[in-house]
Amino acid sequence: MSTTVNETMEIVYEKPKTLTESPTHYCPGCGHGVVHRVLMEVIDEMGIGEQTVGIAPVGCSVFAYNYMNVDMQGAAHGRASAVATGVRRVLPDKYVFSYQGDGDLAAIGTGETIHTVNRGENILMVFVNNGIYGMTGGQMAPTSLCGMVTSTTPYGRDASFIGHPLKITEMIAQLPGAYYVARHAVHTPAAVRKLKKAFKASFEFQKEKKGTCFIEVVTNCPSGWKKTPLEANEWMEKNMFPYYPLGDIKVPAAMK
Amino acid sequence: MSTIQHDEHPKLMKGNEALAEASLRAGLQAYFGYPITPQSEILEYLTEQAPKHKDVVILQAESEIASINMVYGAAGAGARTMTTSSSPGISLMQEGISYIAASELPCLIANVQRGGPGLGTIQPAQGDYFQATKGGGHGDYHLIVLAPSSVQEMADFVFEGFRLAEEYRMPAMILTDGALGQMMEKVCLPKYGSLPKKEANWTTTGKLESRERNFITSLHMESEKMELVNLHLQDKYRKLKQEVRCELINTKDADILLVAYGLSARICGKAMEIARGKGINVGVIRPITLYPFPYEIIASFADSMRMFLTVEMNAGQMVEDVRLAVNGKSSVYFKGRMGGMIPTPEEIILEIEALAEKQRTMGQSAGYL
Ligand SMILES: Cc1ncc(C[n+]2csc(CCOP(=O)(O)OP(=O)(O)O)c2C)c(N)n1
């Protein structure tokens with residue numbers, strides 16, 4: 001059988017133009033790359049790349065600006081939402097997103113997270129919850145599950161000693177400044193489609209200056225969890241999703 | 001020094017308020033701050049003026065950590081931006097200041113110092129000299145440090161601070177204290193519009209098709225690259241030396257030179273007058289830029305005939321730089337008060353008289369003591 005290239009073949013899928021050509025540094029199976037892509041796809045489709053400023057955190061996605069072909073600032077560990085506040089306040093008609101891990105957003109940066117949302121800053125906060133400190137080599141995160149073995153909880157997380165995994169997204173939803181709060185995942189094509197819708201809605205709300213949109217993405221960390229990508233996803237579905245259930249947490253009437 | 005235009009008619013204002021008003025007149029675009037005595041009037045003044053300045057972002061942050069990181073964001077987005085605090089709050093900002101210096105963002109920070117260490121006292125002090133001039137946060141970096149000694153300079157140095165910060169793309173600090181912040185004095189405020197802003201091409205305002213993306217970062221994983229960044233910063237600090245400023249009062253015939261900045265320099269001025277009345281030839285060297293420090297100017301006075309007396313409201317910080325400048329050519333003495341205590345001219349006179357006595361009895365060799 002011979003193959004011929006059909007010049008008129010229709011392109012059905014391609015790399016968003018707001019993603020650079022940089023080869024990925026993320027580990028095999030890691031969810032960060034997918035979240036990056038979904039975010040950039042939405043920015044492309046909405047045609048807002050020229051009006052968007054992103055804030056990269058300290059964490060595995062510290063190099064987000066190597067992949068995201070939009071103007072970006074790297075923030076100190078935990079301070080992404082304060083930096084985003086500074087940017088959005090002086091550029092009130094642009095789109096601003098922060099992209100943060102669980103250590104960044106829910107441990108060292110908890111104060112900034114709560115107060116940013118409480119002020120209803122018109123930004124999208126993307127919260128990538130992989131239940132562990134990926135970048136520094138797999139230490140316990142505020143979101144690590146009870147019993148979870150990490151390099152700093154070698155006998156499993158003991159809630160009576162170190163506290164319970166923090167459901168910061170549910171906390172955030174209590175704040176009047178939070179306009180739209182949802183929890184998503186990127187482990188299946190269906191999940192990716194849902195996340196995409198959530199990002200799109202968030203940027204639309206931002207345009208209307210409705211307040212903070214906060215989207216958690218529960219994802220994996222095969223390297224940190226010491227699992228193969230497949231095992232990691234299975235473990236995530238079995239253990240993370242029951243504790244961090246996917247779906248809308250606070251939705252504006254307009255979306256219902 | 002820029003040529004700022006001033007109002008013809010003076011106003012009676014607190015130092016903190018003059019600084020705040022000057023910032024608006026200097027074209028401030030974003031202010032972020034957190035209350036702390038003795039500088040809260042700055043935040044209070046600006047929030048009060050806010051309705052008249054709808055285009056200026058004036059925001060009370062949840063902490064000094066948040067303030068400085070908001071400043072980082074706003075500066076990166078191209079805004080003329082400022083934060084102010086007092087000693088403990090400035091300590092909290094140090095990580096953020098290091099990021100701002102490393103990312104080469106211009107901004108203005110004012111430290112209305114109070115006595116430390118720890119929670120310390122709300123009374124004026126100069127205990128943050130090391131922190132301000134030697135770096136303060138992690139890594140090899142510096143700030144431009146301006147030390148006002150009057151309410152007039154509290155206002156003027158806002159303009160000078162923004163001008164230098166933008167020209168050299170680095171953070172500038174006004175290092176002042178609770179007394180200068182709280183006291184009322186006559187001030188001719190600088191006029192609106194006398195500090196034009198240059199267009200910058202590195203800001204994150206949205207990547208246009210026509211250009212590459214801009215990203216602001218201080219992360220360079222390869223040591224070779226990080227060393228180049230450091231070399232570039234050091235190069236900038238060398239160029240900054242041309243901005244050294246220092247006030248010299250009665251130095252030509254002086255046998256004893258007082259070296260002091262800010263509030264201590266005012267007190268030294270008074271002590272100098274009294275000493276001259278008593279026939280002792282005293283002069284004052286007042287560093288205005290604490291970084292870059294006027295090493296060469298001070299060195300030019302160093303010889304075996306002269307004595308130096310450094311007066312500070314701390315345990316002896318700037319005196320180390322004076323000693324470096326003098327390099328053993330003269331004796332350098334120190335008089336300091338700490339914890340919010342302010343030295344009186346009389347205390348300084350006692351020191352001056354003791355030094356004059358030494359000079360008289362020891363003759364020409366006195367300088368070697
Ligand atoms: C002030 C400060 N403290 C600690 C660190 C070290 N550090 C870098 S990333 C990180 C944790 C990152 O974890 P997370 O935010 O969950 O993101 P992930 O790497 O898992 O994507 C830590 C502790 C730092 N860079 N700065």
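Trainee: With which residue of chain A does B:Glu62 form a salt bridge?

Mentor: The model is a predicted one. Between chain A and chain B, the count is two salt bridges. In the one that B:Glu62 forms, the closest N and O atoms are 2.9 Å apart, which lies within the 4 Å cut-off. The partner of B:Glu62 is A:Arg119.

Trainee: Which element gives the most to the side of chain A that touches chain B?

Mentor: Several elements of chain A each supply at least two residues of that side, among them strand E1 (52–56), helix H2 (64–67) and helix H5 (110–118). The residues of this side divide into 15 nonpolar, twelve polar and nine charged. With seven residues, the element that gives the most is H3(A).

Trainee: How much area is buried between chain A and chain B?

Mentor: The contact takes 36 residues from chain A and 33 residues from chain B. Of the area that chain A buries against chain B, 23% is supplied by A:Glu50, A:Tyr65 and A:Asp71, more than by any other three residues. Carbon and sulfur atoms give 58% of the area buried between the two chains, which is about 2700 Å².

Trainee: Which element provides the largest share of the lining of the largest pocket?

Mentor: The largest pocket is lined by 28 residues, and B:Glu166 is one of those that lie nearest its centre. Two elements give two or more residues to this lining: helix H3 (80–90) of chain A and helix H7 (151–168) of chain B. The largest share, four residues, comes from H7(B).

Note on methods
Residues numbered from 1 in each chain as written. Chains lettered and ligands numbered in written order. Predicted model: local features only at pLDDT ≥ 70, side-chain atom pairs only at ≥ 80, totals over all residues. Heavy atoms only, no water. 1 Å grid on protein atoms, 1.4 Å probe; cavity = no way out; pocket = protein on both sides within 12 Å on 5 of 7 lines; lining within 4 Å. Contact = heavy atoms within 4.5 Å. Buried area = accessible area lost by both parts, 1.4 Å probe. Salt bridge = Lys/Arg side-chain N within 4 Å of Asp/Glu carboxyl O. Nonpolar A, V, L, I, M, F, W, Y, C, P; charged D, E, K, R; others polar.
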